[in-house]
Amino acid sequence: MQKYDLAIIGSGIGGALIAALNKDKSHILFEKDSNLGGCASTFKRFGNYYNTGATTFVGYEENHILKNMFDKIKYVPNISESKIAIRTIQNKKVVDRVRDFEEFLTQIQENYPNENNRIFWEKIKDIDEKFWQIKDIHFAKYSLNSYIKSLSTFKDMIKVFKLDLLKSASSFIKETLGEITQGYQSFIDAQLLITVQSKSKDISLLSMALGLAYPFHKVFYVNNGMGSIIEEILKEVNVHKKEEILKIKKSKDSYVITSSKGEYQAKKIVLNTTVYDSKNLFGEKIKKYYEKFEFSDQSAFTSYLTINSKEKFLDHYQIILEPDIPNCISNSFFISFSKLSDEKMSQNGYSVTISTHTKVSTWKALSKDDYKKQKELTQNFILEHFLDYFDNISSEQITKIFSATCLTFQRFIGRANCGGKALNIKSALQIPSCKTPFEGLYNVGDTVFAGQGWPGVAIGVNILNKELNEKL
Ligand SMILES: Cc1cc2nc3c(=O)[nH]c(=O)nc-3n(C[C@H](O)[C@H](O)[C@H](O)COP(=O)(O)OP(=O)(O)OC[C@H]3O[C@@H](n4cnc5c(N)ncnc54)[C@H](O)[C@@H]3O)c2cc1C
């Protein structure tokens with residue numbers, strides 16, 4: 001049996017980053033899929049490339065945790081800045097999310113007038129800036145040292161944010177903007193759904209600020225597809241692709257791992273599986289630990305298109321409709337176009353990923369026939385509204401379209417849930433830490449602290465790396 005100090009299960013953002021940071025150790029990384037990157041992968045179908053989920057890359061800027069991490073592994077991504085991070089369209093209202101605060105504020109005031117818009121958006125920006133200035137954010141459990149470090153972060157947060165830390169997003173909206181129109185509320189919620197996967201009624205002010213402020217940072221387009229970043233950072237990592245881990249058994253001072261191809265032994269394990277799916281890998285004792293995390297019934301519906309057009313498009317749009325999308329929990333969808341200059345992604349026309357939010361339970365409850373019908377219904381609804389908003393694209397120019405539900409995500413990357421949990425005071429205390437109560441067993445990814453997307457998962461990786469290296 002091959003023996004390693006460190007085994008990493010999964011090549012999502014979390015698994016890939018922690019592997020790259022520890023590639024000098026005796027290690028192995030397993031990935032069940034044929035593509036690397038999980039929700040941030042790029043796949044090929046019908047001769048075209050598509051981004052599976054993640055399309056925007058944020059956090060590659062000086063003094064940001066992600067940039068520091070990339071510098072550490074000596075990797076410079078092939079990216080171009082999207083000067084307009086997203087164009088948000090709601091009926092006739094168009095707001096371009098640009099970095100320049102005054103330019104953005106003017107557009108907000110024109111489209112969603114409110115005498116306190118400046119106070120509201122300045123506070124959002126201010127909280128976000130202060131958050132990213134906090135050094136050494138730590139959150140881990142199950143050892144005295146971890147608790148002490150977490151307490152120190154908590155103290156820093158209280159010092160920086162004071163009572164704002166206890167505020168809910170909706171109470172802050174009410175106290176600054178007052179009663180706002182449904183349109184403005186939809187605009188705020190649609191932006192939050194793509195960043196924190198929750199609406200303002202369910203989250204804290206801090207989460208709302210981080211979610212709404214991301215276009216004030218540099219937002220990047222990734223040339224050659226999002227998955228190319230993961231492939232590049234894993235270049236010197238011992239990766240076993242298309243090898244699924246089926247069982248893990250704890251022995252006295254190591255773990256025995258059974259995969260679809262063989263057996264291995266590792267002293268330490270990092271699971272990049274979600275905390276909801278990790279239970280399937282273990283016997284009773286460890287299974288019980290994972291079973292205590294209540295399943296977060298959220299996921300994505302994604303449509304992939306190839307469009308034969310030479311028209312110019314921005315990198316990202318968000319369309320906000322009035323009715324909810326059928327089978328979804330949102331009235332908005334997010335569209336990302338490849339750049340025509342991107343020879344890989346645009347080799348047969350624009351590669352477009354459209355995503356919106358749905359529940360796992362909606363799709364799991366359907367019979368096989370109904371599932372097919374409802375999937376088609378949702379895809380057709382999105383397509384119809386997409387064509388409505390882009391009158392320079394005709395249906396004949398769409399040479400390919402197909403979609404994925406949470407069940408597709410489950411089949412390919414072993415997770416039906418996509419996206420983190422709404423972060424509020426109550427859920428913050430229950431959020432899983434990278435460290436588990438079992439010696440040598442860790443988790444990384446968007447279902448553990450600090451949450452989803454490149455910046456959120458990178459914070460988690462940074463914490464995990466400290467915890468791991470204390471022990472290795
Ligand atoms: C539709 C959508 C759009 C998004 N857009 C953005 C965006 O624009 N920007 C952004 O920053 N974030 C975005 N996100 C969020 C971001 O993609 C995720 O938060 C992040 O990619 C999750 O990373 P992770 O580390 O949790 O790993 P995951 O993506 O969950 O990957 C886990 C990996 O583990 C593998 N695996 C699972 N089980 C096993 C097993 N038993 N054996 C071996 N391997 C296994 C899987 O195949 C997978 O590759 C989006 C997410 C979605 C769903």
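Trainee: Which residues does leucine 407 touch, not counting residues up to four places away in sequence?

Mentor: First, this is a predicted model, where local features need pLDDT of at least 70, side-chain atom pairs count only at pLDDT 80 or more, and totals for chains, interfaces and linings use all residues. Residues are numbered from 1 along each chain as its sequence is written, and side-chain values use heavy atoms, with hydrogens and water left out. Contact means heavy atoms within 4.5 Å. By that rule, leucine 407 touches Trp363, Lys364 and Tyr371.

Trainee: Where does leucine 407 sit?

Mentor: Look at the helices, which are DSSP runs of H or I with at least four residues, numbered from the N terminus; strands are E runs of at least two. Leucine 407 belongs to helix α13.

Trainee: Which residues of α13 are buried, and why do they line one face?

Mentor: Helix α13 covers residues 406-413. An α-helix has 3.6 residues a turn, so residues three or four places apart point the same way. The buried residues are Cys406, Thr408, Phe409 and Ile413.

Trainee: What do the buried residues of α13 pack against?

Mentor: Look for their contacts with other elements. The partners are β14 (299-307), α11 (360-364), α12 (368-389) and β18 (398-404).

Trainee: Now α6: which residues are exposed on the other side from its buried ones?

Mentor: In α6 (residues 169-177), Ala169, Phe172, Ile173, Thr176 and Leu177 are buried. They cover an arc of only 100° around the axis, so they share one side of α6. What covers them includes α4 (117-133), α7 (182-196) and α8 (205-212). On the other side, the exposed residues are Lys174 and Glu175.

Trainee: Which residue follows α6, and what is its phi?

Mentor: Step past the end of α6 to glycine 178. Its phi is positive, near 75°.

Trainee: What radius of gyration does the chain have?

Mentor: The radius is taken over C-alpha atoms, and the globule rule is 2.2 Å times the number of residues to the power 0.38. With 472 residues, a compact globule would be near 23 Å. The chain agrees, with 22 Å.

Note on methods
Buried means under 20% relative accessible area, exposed over 50%, partly exposed in between (1.4 Å probe, protein chains only). The arc is that of the directions from the helix axis to the C-beta atoms.
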